[in-house]
Amino acid sequence: MSSRNSNKLVVPQAKEAMDKFKMEAASEVGVNLKQGYNGDLTSKQAGSIGGQMVKKMIESYENSIK
């Protein structure tokens with residue numbers, strides 16, 4: 001897979017769930033995301049959202065292997 005396509009979902013049908021997950025993570029870190037374009041976010045805001053998503057995914061995995 002080329003780096004240009006690295007943000008494509010492996011399962012395209014998961015887009016809606018990923019969008020909801022992203023909105024929840026943004027809300028949890030206090031970033032107001034809009035539907036559609038959010039290119040006006042700062043790097044710090046975008047990183048906070050991504051970091052929160054990773055944190056939640058790790059917690060979910062850890063809970064699943066207990």
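1. A residue is called buried here when its relative accessible area is under 20%, exposed when it is over 50%, and partly exposed in between. Ala46, which has its place in helix H2, has a relative accessibility of 40% and therefore counts as partly exposed. The C-alpha atom of Ala46 is separated by 9.8 Å from that of Leu33, a residue 13 places away along the chain. Please keep in mind throughout that this is a predicted model.

2. On helix H1, the end C-alpha atoms are 20 Å apart, and this agrees with the 20 Å that its 14 residues should span at 1.5 Å a residue. The buried residues of H1 are Phe21, Ala25 and Ala26. Seen down the axis of H1, these buried residues fall within an arc of 135 degrees, so they line one face of the helix. The face turned away from that buried side carries Glu16, Lys20 and Ser27, which are exposed. As for what covers the buried residues of H1, the cover includes H2.

3. On helix H2, a similar check can be made. Its 22 residues should span 32 Å at 1.5 Å a residue, and the end C-alpha atoms, being 31 Å apart, agree with that expectation. Ile49, Gln52 and Met53 are the buried residues of H2. Viewed down the axis of H2, they fall within an arc of 95 degrees, so the buried residues line one face of this helix. They pack against H1, while the face of H2 turned away from the buried side carries the exposed residues Ser43, Lys44 and Tyr61.

4. On the loop that joins the two helices, Val29 deserves a look. Val29 lies between helix H1, residues 15-28, and helix H2, residues 43-64, and with a relative accessible area of 33% Val29 is partly exposed. Which residues does Val29 contact, leaving aside its neighbours within four places in sequence? They are Ser48, Ile49 and Gln52, and two of the residues in that list, Ile49 and Gln52, belong to the buried residues of H2. The C-alpha atoms of Val29 and Gln45 are separated by 8.5 Å, although the two residues are 16 residues apart along the chain. Also just after H1, Gly30 takes a positive phi of about 80 degrees.

5. On the salt bridges, the count comes to four when a side-chain nitrogen of Lys or Arg has to lie within 4 Å of a carboxyl oxygen of Asp or Glu. One of them joins the side chains of Asp19 and Lys15, with an N to O distance of 3.1 Å. Because these two residues are four residues apart in helix H1, Asp19 and Lys15 are separated by about one helical turn. Asp19 is partly exposed at a relative accessible area of 27%, and Lys15, at 47% relative accessibility, also counts as partly exposed.

6. On the surface, Val54, Met57 and Ile58 form a nonpolar patch, and together they have about 260 Å² of accessible area. Met57, one of the residues of this patch, has its place in helix H2. With a relative accessibility of 44%, Met57 counts as partly exposed.

Technical notes
Residues are numbered from 1 along each chain as its sequence is written. This is a predicted model: local features need pLDDT of at least 70, side-chain atom pairs count only at pLDDT 80 or more; totals for chains, interfaces and linings use all residues. Side-chain values use heavy atoms; hydrogens and water are left out. Buried means under 20% relative accessible area, exposed over 50%, partly exposed in between (1.4 Å probe, protein chains only). Contact means heavy atoms within 4.5 Å. The expected span of a helix is 1.5 Å times one less than its number of residues. The arc is that of the directions from the helix axis to the C-beta atoms. Patches are made of residues with over 30% relative accessible area and no salt bridge: like charges are joined within 9 Å, nonpolar side chains (Val, Leu, Ile, Met, Phe, Trp, Tyr) within 5 Å. Accessible areas come from the Shrake-Rupley method with a 1.4 Å probe; for residues, only the protein chains shown count as cover.
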